Amino acid sequence: MTLKNNTREFDPEIVTDFREKMSYGSYLDLPTLLDAQHPVSVPEHHDELLFIIQHQTTELWLKLMLHELQAASQALRENQLAPALKGIARVKHIQRTLTEQWSVLATLTPTEYAQFRQFLGNSSGFQSYQYRAVEFALGNKNRRMLTVFEADAPAHDLLTATLEAPSLYDEFLRYLHRAGFLIPTDVLERDVTEAWTFRPDLVQTFREIYENATEHWAAYEACEELVDLEDNFQLWRFRHLKTVQRIIGMKHGTGGSSGAAFLQKALELTFFPELFAVRTEIGA
């Protein structure tokens, strides 16, 4: 079938009058969303819009990621492993989108960025409270980070609540305990406001799960989903580092950090170290 004049006719049922009906634009509040980009460079630099949209879309994805991680933690508290894994699977897709998104920003050349960078002042991705909340939700707690957001009460409240709540990993370990796996009491009762640190005594528990996968399939699958989560996060961090190096080299960050050198250190942070350590033990 060939369209006449290369034009598709409307189906008779398509709604066209939105004077009293909800439209796509009103549902998504597009006027607000599309009016949220305000370049500050003078004269306005063409590429600043890219820079703003890159970071705004990242914040939207972080909002959804945090929403899913909180729901997954709640599901684990209720011993509902399947819904928790469904949420984690969605987070993994978001992570892949965020990682690929760096390729768009990487089209910004050093010369182009230099022409509007000075107008950014001290604003920096380091100040993304949603990113910090995601790190907290996964176990990289850091109370000192709260000081960055003392002037922003809603952000400070969100981070404080996330700091004081058990991480996804804490909830998973508690789930394993209730399922009959050996989890030390001091792990179950630990101060959840502290960053998770490696517990060698948990490696044997995970070795039992991995070496008897058929018997412990649900736990085994969950472990692998968490490994995927950390892998994806580290890929995002690495892509962030390489994009920054590509655009500003080894300059300091606008927020006062050492820039690429600071981001390099983030690659040493870990969420679920026992799930990686157990790989050395399996089959040994």
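Tyr175 counts as buried, at 14% relative accessibility. Buried means under 20% relative accessible area, exposed means over 50%, and partly exposed lies in between (1.4 Å probe, protein chains only). Phe172 is also buried, at 2% relative accessibility.

This is a predicted model, so local features need pLDDT of at least 70, side-chain atom pairs count only at pLDDT 80 or more, and totals for chains, interfaces and linings use all residues. Residues are numbered from 1 along each chain as its sequence is written, and side-chain values use heavy atoms, leaving out hydrogens and water.

**Aromatic pairs**

Phe172 and Tyr175 both lie in helix α8. They are 3 residues apart, about one turn of the helix. Helices are DSSP runs (H or I, at least four residues), numbered from the N terminus.

Rings of Phe, Tyr and Trp (its six-membered ring) pair if their centres lie within 6.5 Å. Planes under 30 degrees apart count as stacked, over 60 as edge-to-face, and the rest as tilted. By this rule the count comes to 16 aromatic pairs. Here are two of them.

| Pair | Centre distance | Plane angle | Type |
|---|---|---|---|
| Phe172 and Tyr175 | 6.5 Å | 15° | stacked |
| Trp217 and Tyr220 | 5.0 Å | 50° | tilted |

Trp217 and Tyr220 both lie in helix α11, 3 residues apart, about one turn of the helix. Tyr220 is partly exposed, at 22% relative accessibility.

Ring pairs also build a cluster. Its members are Trp102, Tyr131, Tyr169, Trp196, Phe233, Trp236, Phe271 and Phe272.

**Helix α13**

Helix α13 covers residues 273-281, and Ala277 is found in it. Ala277 is partly exposed, with a relative accessible area of 23%. In contrast, Pro273, Glu274, Leu275 and Val278 of α13 are buried. What covers the buried residues of α13? The cover includes α8 (168-178), α10 (203-211) and α11 (217-248).

Which residues does Ala277 touch, leaving aside its neighbours within four places in sequence? Ala277 is in contact with Phe198 and Val203. Contact means heavy atoms within 4.5 Å. Ala277 and Val203 are 74 residues apart in sequence. In space, their C-alpha atoms are 6.8 Å apart.

A charge and a ring also meet. The charged end of Arg279 sits over the ring of Phe276, 5.9 Å from its centre. The rule for this asks for NZ of Lys or CZ of Arg within 6 Å of the ring centre and within 35 degrees of the ring normal.

Just after α13 comes Gly283. Gly283 takes a positive phi of about 80°.

Notes: Helix = DSSP H or I, 4+ residues; strand = E, 2+ residues; numbered from the N terminus.
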